[in-house]
Amino acid sequence: MEIKKIGIFFLVVIVIAGIIGCSADTTDSSPSEQKGSDTTEPKETSGGTLNVAYLAQPQTLDPHITTANATRDPARLIFETLVTLNENYEVTPQLAESYEISEDGTTITFKLREGIKFHNGTEMTAEDVVASMTKWGESAIAKANLGEHEWVAKDKYTVELHFEGPSSVIMYVLADIDQFAAIMPKEVIDSAGPSGITEYIGTGPFKLENWAHDQHMLFTRFEEYQPVDEPASGLAGKKEALVDEIYFHFVPDESTRVNGLLSGEYDFAHMLPYDAIPQLENVPNIEIDIWPFGIQALVFNKKEGLFRDVRMRQAVNYALNKEEILTAAFTSPKYFELDPSLFLPEQTDWYTDAGQEYYNQQDLEKAKQLLQEAGYNGEEVIILTSRDYAHHYNSAVATQQQLQEIGINAKLEVYDWATLLERRDQPELWDIFFTGFPTSSTPHQYTFLDTRANWPGWTNNPEFDRLLDEIKAQTSQEEAKALYAELQQLMWEDLPIINIGRNLRVSAYSDKVQGYQEFKGPVFWNVSISE
């Protein structure tokens, strides 16, 4: 593969990528990273079945229309992107053989790999890519990061992306895995409805065999998959389907996931309870994977209801003891960090403590004063939550109790995760919900910062948009970071969400599983099963 030409702004991207890559190296000592190194030498095809216990059923497998991890994790077995991220968070070609950024920074030309087959046996061409990317362009993340843009097929294997002006973030957004830019057949795109595609056909190493709702998804090896030749690295490089099939079993109850792993019913169990770790550490054939996730966030509905008034949001922020909420959710400071930043300290290009004076400063009298100023009169505040994610549920319970202490009439409404995702799209049905945001490569990937993304919660302050646009247009990372510090300060004053703090997550698997890694979610290609 060859990247033929590198424009000025791509050089900026490379510099950013290199620095982030160095940051990523600082986590090498984590169990997740240590085990991830196994994937550079994929094992021989083992055949057999990998049984995964996963905590929630997705609403859809269409990664264009949701940021939900429950979609991302299984969907990336099926779908691939033009470019992706290697283990150093560097942008790397995947379905594209190469790409070229014009000197004026307004056009990217992608040369596609030839002979790539979809799971339905047809060859991927430029028409499929244009149809897929045009549909993905309607996603919240694409709108927030690409602005006005157009995809054009130049010939059967060449696609151009035209956009408004130079950008230091576009290649990252195309490569990232959150609400990712999956390539699908044009006919699948053409038949998609408002709720997304109904046929899940991609180019990935596994194909969807069946989806037994509320029970499992079955993925089988795609025999015509064509991997790239480079060594596996992060989400890039050589990908191989080493097992015959993968079951994603939907197991919302975390104790059942633990017990199923111990009994051998499951080979891999995702998102385990923290209090189960001491027990698992004493089991000789179990490997524990502790991995960095991102932030735990309280999201306000700013489109309808009480929290359109910023004073109500500020009252909640002053009411909360964030350490108590994080302890309720993640049990121990071993698994969380109190920090106002959206980024890891190692992400030196973006990390800032701006807004620190508003973070974890519990002041109940000030909270009550703000409620009075906002005219709060005991109205019911609905907190959506789900037991499918115990840390979200426990955060919601702790928050309800703390809000009740200042006189807020907080009520929990508990649903399965798929139902919660449906209800959070309807602003008349809720006031607050909890969710997690994985650590991102750029601020533009946090959809709650952008008014134009129209993400649930509906941020409505155009100052966020202005700052995001200015950050994207910078050619100096120093200037971009200074603008981002302004944005983070604004986030803590306007509170589209409340960043409760950072957290780590825990998964575990049988020592029969070889080659597993975590990279922005569980990765099951290049994974084999030993007898």
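**Figure 1. Pairing of strands β13 and β17.** Strand β13 (residues 336-337) runs antiparallel to β17, and 2 bridges join them. Within this pairing, Glu337 stands opposite Arg502 in β17. Two strands are said to pair if DSSP finds at least two bridges between them. Strands (E, at least two residues) and helices (H or I, at least four residues) are DSSP runs, numbered from the N terminus. The model is predicted: local features need pLDDT of at least 70, side-chain atom pairs count only at pLDDT 80 or more, and totals for chains, interfaces and linings use all residues. Residues are numbered from 1 along each chain as its sequence is written, and side-chain values use heavy atoms, with hydrogens and water left out.

**Figure 2. Further partners of strand β17.** Strand β12 (residues 286-300) and β17 run antiparallel and are joined by 13 bridges. Val299 stands opposite Ile497 in β17. Strand β11 (residues 268-269) also pairs with β17 in the antiparallel sense, over 2 bridges. Here Phe268 stands opposite Tyr509 in β17.

Figure 3. Buried means under 20% relative accessible area, exposed over 50%, and partly exposed in between (1.4 Å probe, protein chains only).

**Figure 4. The largest nonpolar core and Ile246.** The largest nonpolar core has 163 residues, of which Phe110, Ile246 and Phe448 touch the most other members. Strand β12 gives the most to this core, with 9 residues. A nonpolar core is a set of buried Ala, Val, Leu, Ile, Met, Phe, Trp, Tyr and Cys residues joined through side-chain atoms within 4.5 Å. When neighbours within four places in sequence are left aside, Ile246 is in contact (heavy atoms within 4.5 Å) with Leu50, Val52, Leu77, Phe206, Met217, Leu218, Phe219 and Phe524. In soluble globular proteins, nonpolar side chains tend to be buried together.

**Figure 5. The chain as the setting of these views.** The secondary structure of the chain comes to 16 helices and 21 strands. Along its principal axes, the C-alpha trace spans about 65 × 60 × 45 Å. Of the 531 residues in the chain, 61% are buried. Among contacts with a separation of 6 or more, 74% are between residues 24 or more positions apart.
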